There are 4 protein chains.
Amino acid sequence: MRYPKESPPAFTLTSGPVDAYPEVLRALASTVIYDYDPAFQLVYEKAALKAQKAMATPEPPLILHGEPVLALEATAASLIAKDDCVLNLASGVYGKGFGYWAARYAAKVEEIEVPYDECVEPEAVQAFLKDHPEIKVVAACHHDTPSGTLNDVDAIGEVVAEAGALLIVDAVSSWGGMRTTPGACRAGVYVTGPNKCLGCPPALSLAAVSSEAWDKIDSNPDAPTASMLSLTDWRHAWKSTEPFPFTPSVSEVNGLDAALDRYLNEGPERVWARHDLTAAACRDGVRAMGLDIWPAREEIASPTTTAVKMPQGADAAKIIAVARTRYGVMLSAGRGDTEGKLIRIGHMGPSAQPMYALIAIAALGGAMAATGVDVDVGSGLVAAQSRIDASG
Amino acid sequence: MRYPKESPPAFTLTSGPVDAYPEVLRALASTVIYDYDPAFQLVYEKAALKAQKAMATPEPPLILHGEPVLALEATAASLIAKDDCVLNLASGVYGKGFGYWAARYAAKVEEIEVPYDECVEPEAVQAFLKDHPEIKVVAACHHDTPSGTLNDVDAIGEVVAEAGALLIVDAVSSWGGMRTTPGACRAGVYVTGPNKCLGCPPALSLAAVSSEAWDKIDSNPDAPTASMLSLTDWRHAWKSTEPFPFTPSVSEVNGLDAALDRYLNEGPERVWARHDLTAAACRDGVRAMGLDIWPAREEIASPTTTAVKMPQGADAAKIIAVARTRYGVMLSAGRGDTEGKLIRIGHMGPSAQPMYALIAIAALGGAMAATGVDVDVGSGLVAAQSRIDASG
Amino acid sequence: MRYPKESPPAFTLTSGPVDAYPEVLRALASTVIYDYDPAFQLVYEKAALKAQKAMATPEPPLILHGEPVLALEATAASLIAKDDCVLNLASGVYGKGFGYWAARYAAKVEEIEVPYDECVEPEAVQAFLKDHPEIKVVAACHHDTPSGTLNDVDAIGEVVAEAGALLIVDAVSSWGGMRTTPGACRAGVYVTGPNKCLGCPPALSLAAVSSEAWDKIDSNPDAPTASMLSLTDWRHAWKSTEPFPFTPSVSEVNGLDAALDRYLNEGPERVWARHDLTAAACRDGVRAMGLDIWPAREEIASPTTTAVKMPQGADAAKIIAVARTRYGVMLSAGRGDTEGKLIRIGHMGPSAQPMYALIAIAALGGAMAATGVDVDVGSGLVAAQSRIDASG
Amino acid sequence: MRYPKESPPAFTLTSGPVDAYPEVLRALASTVIYDYDPAFQLVYEKAALKAQKAMATPEPPLILHGEPVLALEATAASLIAKDDCVLNLASGVYGKGFGYWAARYAAKVEEIEVPYDECVEPEAVQAFLKDHPEIKVVAACHHDTPSGTLNDVDAIGEVVAEAGALLIVDAVSSWGGMRTTPGACRAGVYVTGPNKCLGCPPALSLAAVSSEAWDKIDSNPDAPTASMLSLTDWRHAWKSTEPFPFTPSVSEVNGLDAALDRYLNEGPERVWARHDLTAAACRDGVRAMGLDIWPAREEIASPTTTAVKMPQGADAAKIIAVARTRYGVMLSAGRGDTEGKLIRIGHMGPSAQPMYALIAIAALGGAMAATGVDVDVGSGLVAAQSRIDASG
């Protein structure tokens with residue numbers, strides 16, 4: 001039995017895009033109404049207010065009409081003025097990548113870089129900021145998806161605030177899957193996307209901007225306006241009485257609205273517990289198979305992605321292909337510097353179901369065995385199951 | 001009987017967003033698969049090839065992951081180099097607006113501006129280019145939606161090509177609803193959107209770039225890369241073997257794919273005929289009511305939007321509100337300079353059905369009468385019906 | 001321009017099936033869950049309780065898993081015992097038809113039959129029952145769809161109750177589109193279907209059974225059990241703690257649930273007003289065209305269907321075909337005895353929008369004119385529009 | 001972590017209803033068109049022709065508008081004449097149940113009954129028919145779902161044909177999931193349902209009637225007509241030029257059409273292999289856990305359902321509840337005589353994915369362990385995985 005590549009896989013257990021929740025898929029199929037129809041203006045306002053509630057922000061976060069790279073690039077373009085010194089924290093491919101955008105707009109970009117299986121220590125940031133009082137903006141990636149590692153952005157936010165700088169947080173693939181809010185990390189701009197743990201398709205981003213960050217953006221003469229890269233254009237657009245700077249993605253907003261309903265109805269704590277247990281079962285299964293997770297320490301492993309370190313001789317691309325062909329299970333490769341070194345199992349929204357840990361372990365382990373890697377799949381399955389049972 | 005503003009209208013006859021075709025809505029509800037899943041890479045490639053067929057281009061047009069303002073801004077940023085002189089043709093609010101983006105990137109922007117119920121004559125462009133051989137890029141809006149007027153971009157394309165300049169065409173709300181292709185107007189970059197006449201929701205844009213335009217973009221050191229505003233990043237992304245620069249909007253691509261199937265299956269000529277007859281019936285109805293269309297001449301009225309000139313004393317905003325409340329029919333206001341001066345009835349994709357002309361005439365006429373404007377709705381209905389019947 | 005028969009029409013203005021409401025279509029696409037899953041048992045119970053509220057019955061109506069002919073046949077089989085004398089009221093094809101089912105189960109079926117453009121007078125029923133005290137069951141069709149006529153079932157119910165008989169009411173195509181309840185007509189069994197005015201697809205029926213009728217069914221040894229034709233099997237199935245006699249139509253129940261939400265949220269009075277005004281505008285338009293409605297008197301014309309009498313020489317089948325081909329508008333033919341004598345325009349659920357009266361008049365009138373019938377379509381359109389405006 | 005009963009489960013691994021394929025769910029959301037619209041008549045005809053191809057019958061099978069109990073009851077009512085002697089084969093609850101319907105219509109019903117973990121031997125049928133030449137009709141259940149056991153209907157069909165009797169086959173939960181056709185078992189009437197292995201929701205049934213069976217039905221004066229229980233009414237209804245006896249379930253037909261497309265496109269052999277491997281992995285897992293399957297022998301275990309025998313002291317209802325609450329996995333109880341004695345895992349359509357064997361084993365085993373039953377879940381998982389791997 002083979003799963004042909006022309007047909008959708010049976011299981012998408014990637015680190016995103018993942019499938020959307022069924023209620024989101026149905027909402028995407030809603031009648032498209034005119035953006036200036038009063039009914040749509042109300043839908044938009046209500047969705048923004050639900051996002052505010054879900055993200056616990058003092059005002060509604062911006063809904064930007066492109067996947068989260070849009071919000072991240074727009075944040076760099078808007079918040080970083082041309083005479084700013086920026087400190088970029090790089091503990092992975094995505095954190096590193098933000099530095100390139102920062103460099104496009106800043107006078108200077110400093111960087112604290114650590115190995116990509118590690119995190120940036122808040123103390124290191126504190127020390128750096130003490131030595132570099134000229135730093136105006138610090139950028140941190142909460143969950144560096146290509147590594148499956150977390151930075152402690154709440155503690156980092158503390159030291160950044162002490163230093164009087166503004167923190168940009170990329171929480172794209174963590175928010176909605178674990179306890180994290182813009183407020184808890186005192187973020188200037190906090191970017192996330194409904195396309196990961198909230199269970200929407202990729203197409204939108206959410207950006208929570210603090211009042212200090214708005215002040216800095218307002219005083220930045222180069223902050224984009226009348227542009228896709230503008231944050232400013234959208235500041236008041238959530239109000240049903242205000243115009244949109246351009247046509248919002250009506251169907252995706254309908255999907256977001258349904259995803260927020262689901263998130264708030266299921267209850268954030270319960271959603272996070274689902275992600276946490278799925279990841280814990282996966283990690284236990286991985287280790288019991290005789291493998292290791294990529295993150296250097298359990299504490300910095302994200303509950304939304306399990307990155308599995310490839311042992312000597314394992315061919316990650318081939319293993320992914322075998323898992324897809326033999327089991328119908330799609331997994332994610334690494335990206336950039338982590339490509340080939342790890343394979344990622346996502347736990348995001350609809351895929352954050354503990355029982356998927358069994359399918360992930362079986363598919364990963366089975367494909368590794370099939371390609372000649374010595375793994376004990378049975379022990380992996382038992383360990384994953386035990387972890388799930390222990391939670392009961 | 002009143003239609004509350006909290007509920008969707010019964011009929012959306014706006015100039016976009018309009019409702020999507022039912023098959024597109026259903027496609028939006030498809031399982032979301034990983035962008036690097038081989039099945040999705042094939043979906044993307046096939047959609048791009050269908051777009052190529054539909055647009056009759058030598059290679060697949062770019063699918064950009066934001067509504068058409070993204071493609072227009074990205075075109076300005078990519079094609080216009082900082083020492084370029086640009087000629088912007090402004091016969092309406094959208095054409096005028098492109099000039100501001102052009103000015104952000106060009107050394108100099110010249111403009112031929114005409115009253116917003118008129119079009120720019122190809123002869124005027126020819127004469128201007130003769131006097132200004134330094135012009136490298138000309139920008140024209142095919143259908144200036146806020147006016148419901150067409151520019152003859154095929155003829156303009158001829159004189160631009162003769163002058164050795166590159167033409168940017170905004171065909172967002174004309175392509176797919178009438179006979180127009182990138183090739184026929186010899187466009188350097190031709191931008192359209194699936195969210196108008198193709199019957200998709202707003203979220204994507206399509207950009208056909210000629211080989212001459214690619215050469216110019218390649219030689220422009222400021223052409224964005226690693227950016228939402230990049231065209232270059234997406235040049236080869238349509239191939240199933242090439243990576244995506246960032247995550248494409250999976251669900252919207254599924255919708256686009258279904259819309260292209262429908263367009264090609266129904267047959268472009270038949271689709272255009274539907275748009276044409278709907279608009280013709282509307283225009284006849286408008287005039288028979290005792291009103292006039294906004295375009296100065298019948299020949300420059302778009303088959304995809306009927307802009308109705310407001311007579312002395314008519315309150316466009318109030319008329320639109322009454323049509324929505326009393327009849328459940330949503331119509332579009334003007335934009336910018338045309339706001340208050342006209343009301344627009346869209347004929348785009350699913351709303352391009354001749355019988356909707358009757359509903360449009362009845363709702364517009366009824367709302368005008370209800371607000372004290374002297375119109376003969378009955379004659380309008382008879383005239384619209386006659387036009388439809390004459391086509392049989 | 002021609003609408004090919006292979007493609008769906010642009011407008012379905014038939015007397016049912018009509019299109020379903022968009023929220024119902026989306027609900028039909030919900031994940032199918034096991035009928036004994038506790039979540040589905042709750043969905044079923046809630047839907048039944050919403051139906052009870054909508055129909056104002058003392059206990060939840062039965063949801064039967066076939067279109068309303070199932071409930072009608074099951075009612076005949078269950079309620080009518082083999083020694084019963086039944087009075088069948090026949091004012092149309094459907095009322096007449098019920099008599100055949102009654103005859104299958106009854107000792108004797110008496111009938112009051114009137115011309116099919118008329119209604120049965122309550123006084124005639126009263127007189128008949130006085131003369132025939134042996135009658136145990138009376139059957140009446142509220143809205144005889146093939147005629148577009150109403151019987152006054154509330155008044156009939158009064159005289160049937162006085163006579164101590166039980167009344168079976170076929171309210172399939174009236175309930176949900178006008179003021180009518182099982183209680184108001186004191187029905188023993190009152191059958192309706194979600195596939196008409198409630199805006200669902202055809203697949204289910206609803207039957208409200210009074211306690212007197214349950215007593216009669218319980219005492220009927222031939223009342224079907226363990227059968228598709230059983231009412232008894234389903235009596236308690238609505239409770240989440242009770243078993244289903246066979247597998248319910250899960251997706252259709254999801255659709256029904258959404259339709260009931262919509263009906264109750266929009267507000268029954270508002271829904272009825274929508275049906276009423278659409279029908280009134282249609283009738284005015286029909287007469288102004290120079291035609292007549294089929295019902296003998298305005299008062300007995302249903303607000304859910306406008307039956308238009310064909311004038312001498314008009315070919316109904318051809319007119320319907322022309323309306324479909326030329327305008328993309330689907331209308332209904334008559335049935336049985338009314339076939340060829342009338343054409344029906346449905347006003348049911350999503351098609352009960354006053355503006356559709358214009359499309360119906362235009363399509364019907366235009367197709368009649370095209371086939372050589374002398375009609376004044378313009379006057380029809382003006383009259384329909386006037387009626388709508390007069391309601392404002 | 002607990003899965004609340006108010007919310008849908010995470011996994012439906014029951015013996016039906018199961019979830020529908022995504023393409024079927026989307027098809028259910030299609031615009032509802034009038035049953036006499038020419039476009040729907042073509043949809044119906046095409047669906048019937050696809051069903052003919054899928055079932056390999058000489059003419060299109062009947063599509064009946066109720067779940068398969070309708071087709072079974074209608075078959076009993078239509079085919080069995082009041083002076084017929086019928087042989088009913090009872091190897092399970094469903095086979096036994098058919099006898100009650102048969103008895104309603106037949107002069108006499110004989111029965112071969114075997115324990116419900118066994119099958120009826122063709123030789124026994126042969127011998128019985130030899131001794132009872134008066135038997136006109138034999139009824140057999142191919143897959144007796146409440147037992148998960150198969151009867152060899154192809155061999156039974158042989159001996160029934162030899163004896164000159166007509167065979168009724170209930171293949172509701174086997175057809176589409178394994179190699180079986182009406183022709184191979186020489187069935188007079190062969191009933192199946194799209195709601196099991198074809199991946200549709202419950203609402204329709206399919207009945208293939210042989211020409212001999214039609215002859216018998218035609219000569220049966222009591223065969224229902226003008227009834228929900230009629231087969232005759234629907235004989236020619238598949239043709240686009242023929243009327244429907246009552247309104248077909250339009251949306252469900254749209255779903256069936258999509259399901260048949262999927263079945264034929266995926267390829268029946270590939271679909272059957274998916275079911276077979278899922279069941280084999282489940283059975284191996286069950287045994288390795290220290291449990292046994294309910295069927296007396298491996299050869300009679302259905303590839304579409306794995307029935308697991310409850311060991312001494314196991315509380316099936318409680319185990320099912322724990323699996324639902326703790327793992328979000330819904331399993332099926334037994335029915336009637338098998339209730340409490342077994343638990344069923346379905347492999348039908350979308351749930352026939354080998355990896356689901358792991359989830360089923362984990363949920364069943366985990367829930368058994370949690371309720372005090374001694375099982376070795378780990379060995380079960382390893383065995384299931386091994387079976388899947390062995391197929392690669």
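Q: What is the bridge partner of Ala333(C) in E15(C)?
A: In this predicted model, Ala333(C) has Ile343(C) as its bridge partner in E15(C).

Q: In which sense do E14(C) and E15(C) pair, and over how many bridges?
A: E14(C) and strand E15 (residues 342–346) of chain C pair in the antiparallel sense, over two bridges.

Q: What is the order of the strands in the open sheet of chain C?
A: The order is E11-E12-E15-E14 (chain C), four strands with antiparallel pairing.

Q: Which strands stand at the edges?
A: Strand E11 (292–293) and strand E14 (332–333) of chain C. Each has a single partner strand, so one side of each is left without a neighbour in the sheet.

Q: Changing topic: where is Arg274(B)?
A: Arg274(B) sits in helix H9 (residues 268–288) of chain B.

Q: Is Arg274(B) buried or exposed?
A: Arg274(B) has 1% relative accessibility. The cut-off for buried is under 20%, so Arg274(B) counts as buried.

Q: What does the side chain of Arg274(B) make a polar contact with?
A: The side chain of Tyr21(B), at 2.8 Å.

Q: Which residues does Arg274(B) touch, not counting those up to four places away in sequence?
A: Among them are Tyr21(B), Arg262(B), Glu266(B) and Gln353(B), and also Met1(C).

Q: Now chain D. How many residues does helix H11 have, and what does it reach from its first C-alpha to its last?
A: Helix H11 (residues 356–370) of chain D has 15 residues and reaches 21 Å, close to the 21 Å expected.

Q: How many residues of H11(D) are buried?
A: 13 of the 15, so H11(D) is largely enclosed by the rest of the structure.

Q: What is H11(D) followed by?
A: Gly372(D), which has a positive phi, near 90°.

Key: Residues numbered from 1 in each chain as written. Chains lettered and ligands numbered in written order. Predicted model: local features only at pLDDT ≥ 70, side-chain atom pairs only at ≥ 80, totals over all residues. Heavy atoms only, no water. Expected span 1.5 Å × (residues − 1). Buried < 20%, exposed > 50% of the residue type's maximum accessible area, 1.4 Å probe, protein only. Pairing = 2+ DSSP bridges. Polar contact = N/O pair within 3.5 Å; in protein donor to acceptor, adjacent residues only side chain to side chain. Contact = heavy atoms within 4.5 Å.
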